[in-house]
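Visitor: I'm new to this one. Could you take me through a single part of it, slowly?

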Number of protein chains: 2
Amino acid sequence: MRIADRTRALGTETAFAVAARAAAHAATGAAVYPFHLGDLNFKTPENIVEAANKAIRDGKTGYCPNGGILPLRETLANDVNSRRTTEYTAENVSIQPGGKPVIGKFLQVLMNPGDEVLCPTPGYPIYESQIEYLGGIVRPYGFIPGKNGFVIDLEGLEKAISPKTKAIIINDYQNPTGASCTEEERKKLAELAQRHDLAVLLDEAYFEIHYSGTGKSIVDYGDMAKRSVLLYTFSKKFAMTGWRLGAALGPKPVIDLITKLNVNDESCTNHFVQYAGLAGLTGDHSGPAAIVDALRERRDAAVALLNATPGVSCYTPEASFYLFPDVTDLMRAKGFGDDYAAFAEDVLAKTGVSFCTRLHFGAPLPGEERRYIRLAYSGIDVAAIKEGLGALKTYAGG
Amino acid sequence: MRIADRTRALGTETAFAVAARAAAHAATGAAVYPFHLGDLNFKTPENIVEAANKAIRDGKTGYCPNGGILPLRETLANDVNSRRTTEYTAENVSIQPGGKPVIGKFLQVLMNPGDEVLCPTPGYPIYESQIEYLGGIVRPYGFIPGKNGFVIDLEGLEKAISPKTKAIIINDYQNPTGASCTEEERKKLAELAQRHDLAVLLDEAYFEIHYSGTGKSIVDYGDMAKRSVLLYTFSKKFAMTGWRLGAALGPKPVIDLITKLNVNDESCTNHFVQYAGLAGLTGDHSGPAAIVDALRERRDAAVALLNATPGVSCYTPEASFYLFPDVTDLMRAKGFGDDYAAFAEDVLAKTGVSFCTRLHFGAPLPGEERRYIRLAYSGIDVAAIKEGLGALKTYAGG
């Protein structure tokens, strides 16, 4: 069978290769510390599970509206509004089988072939993959080391804008760096989007995985609510990654087209899973709160050990469940220079610590000289974090 | 926000407007007989529900492999092989959130913009919509009235093939006509596909909704297994429409690319729902058998009443849960000529019978003179069938 040309531009998430190497190492009987996983090792809260079982018993097993059941759309609109100044109603919500489908659907509805899209690097690799697959041009903008955490290279971002730039992808709170935007960044992003009339994909997948205070959304700045599609997911807050439940929120004409894509692509999202998500939003919040508390403990344990490791330095992010330590000096000390693959392999073999590297998150920027790895602490308990990163510290001579 | 040009070519399923009219009529307190629904009013069999509950309890709530869990892929390959001469293994299976996603993914992987694709009419409207959305050209081929049921206009099909024809969509057992291919048709389709080196989407969504004997698959003819992607769904056989579970089966290079689209589009299909599907395939088959038995009773009741209705004639399909009666003479007798919308509205107002018409299933062929409606009996019990079609018979003066 002759394969269509468009598939040549289709990228992937290369983190799966890391998982395969970790599994092979574990198969030899060695201990593996899975910092490469972006999945959570928490149980989905019981009230959500109960709601799913009840919905199945109640016969919510047939098709439902393409854009999702009305009570979930209404409740999610209100829930999102309660943390932002938005005034979304059910008409502004299209339920999706996960947060990820919003990326491709946003680009299909708002990007023409040949349009340029501003895209964070390091960043979630599916942004680049989908932009290029759909015929757009990736214009990367950097997350660079700042005083207290990674910051957006605003100067570089502004320089990257041309008359062909039609959209920007913003991921606040960010994978892989864990960065939260500063007030200055949010204002500047909103100002640039308005000045250049950009459509905005606002990926807030980690908005509620927040360790001090509450999240602040860029959608509240300037006219961002009018030009943004907000990516919402139930995956992280409610430990529902495998349930596949998310949503797009935005202006009605765009949401209507996103739902029209659902008519063509998958009819609807699983019917009874939507009742489960509804229970998550309306029910007892002790489950999600316990998840954030556990993640905070893990973050603190991991950051302390990383900063006690010779040749490694790491910020303390206020959100997400990722760390993006600078390992340049450790890689040099061990003689790996910038050979990420050899370094990762050596660390896995000698300590069992498995992680993704900078290379899994988009092409490095010109002049990018420091070396980073990404550690996710969503799928590993505090005891294992201490064991694994303790071994890494020893490996580094600490 | 400026909407991207590609969305102008995006079609939809217009049957939703019929559902809205039926709901409005029901809201007046009138009885409505919902023959427009392609959904099932059966409960999902208990062993499948139990398996879902168990999988949730067992923590199958995180991400799973992009192409689906290995036991489901293996078991489905064997199950499909047991009814065909194929030799699929897990490598030939990509699990999807429904059967419908296979349509768009097949076209993305095998159709270039400008390629022509042979597509049945009347037929499932999403074929046309996705072909045109992805930049292909629809070349319709007809299902026309034959001796014992609708048959493919093989002469017209052959004439529609040009050097630009790259693929054919075959829907055997067919929506909306309920037609099963004859032996001659299967041989001819396989011969044409081989001669013109066509990629084949074989939509077998209704393969196991079969009332006498068992289904015979076109994939068994000639070299079809090498050039076909088979669309499988759990929706109909197991009354799982709202669970969203299906699969693409085909040659490994194509299946690998389809799974790569899953990486980009939705990560994976709901994890625990896959264990539910596995239980459906391996467990007690009395549930699916009872569904087919009930559907057979409905078919027989509906066909008998339709053929007793003046100005209406209807075949007795051996598969699917659709009837596609010829209502030309009734429409003429009632003075509607070829105004389907006015006819449907009049029938709904006077009898409560709600249905889709020929117009919901692709553009009529040149010279197509007879008028048809589609009645689905998947969502309506025998007693309501008798009431509703009894009222239609009276409406027609019978």
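Visitor: Let's look at where the two chains touch: how many residues does the contact take from chain A and from chain B?

Guide: This is a predicted model, where local features need pLDDT of at least 70 and side-chain atom pairs count only at pLDDT 80 or more, while totals for chains, interfaces and linings use all residues. Residues are numbered from 1 along each chain as its sequence is written, chains are lettered from A and ligands numbered from 1 in the order written, and side-chain values use heavy atoms, leaving out hydrogens and water.

Now to your question: the contact (heavy atoms within 4.5 Å) takes 70 residues from chain A and 70 from chain B. In chain A, 100% of the interface residues are also interface residues in chain B, so the copies meet through the same surface.

Together the chains bury about 5,500 Å², with 53% of it on carbon and sulfur atoms; that is accessible area (1.4 Å probe) lost on being put together, summed over both. On the chain A side, A:Met1, A:Tyr63 and A:Asn264 lose the most area to chain B, together 14% of what that side buries.

What about charges? The rule finds two salt bridges across the interface, each a side-chain nitrogen of Lys or Arg within 4 Å of a carboxyl oxygen of Asp or Glu. One of them joins the side chains of A:Arg2 and B:Asp197 (3.3 Å, N to O).

Key:
Buried area = accessible area lost by both parts, 1.4 Å probe.
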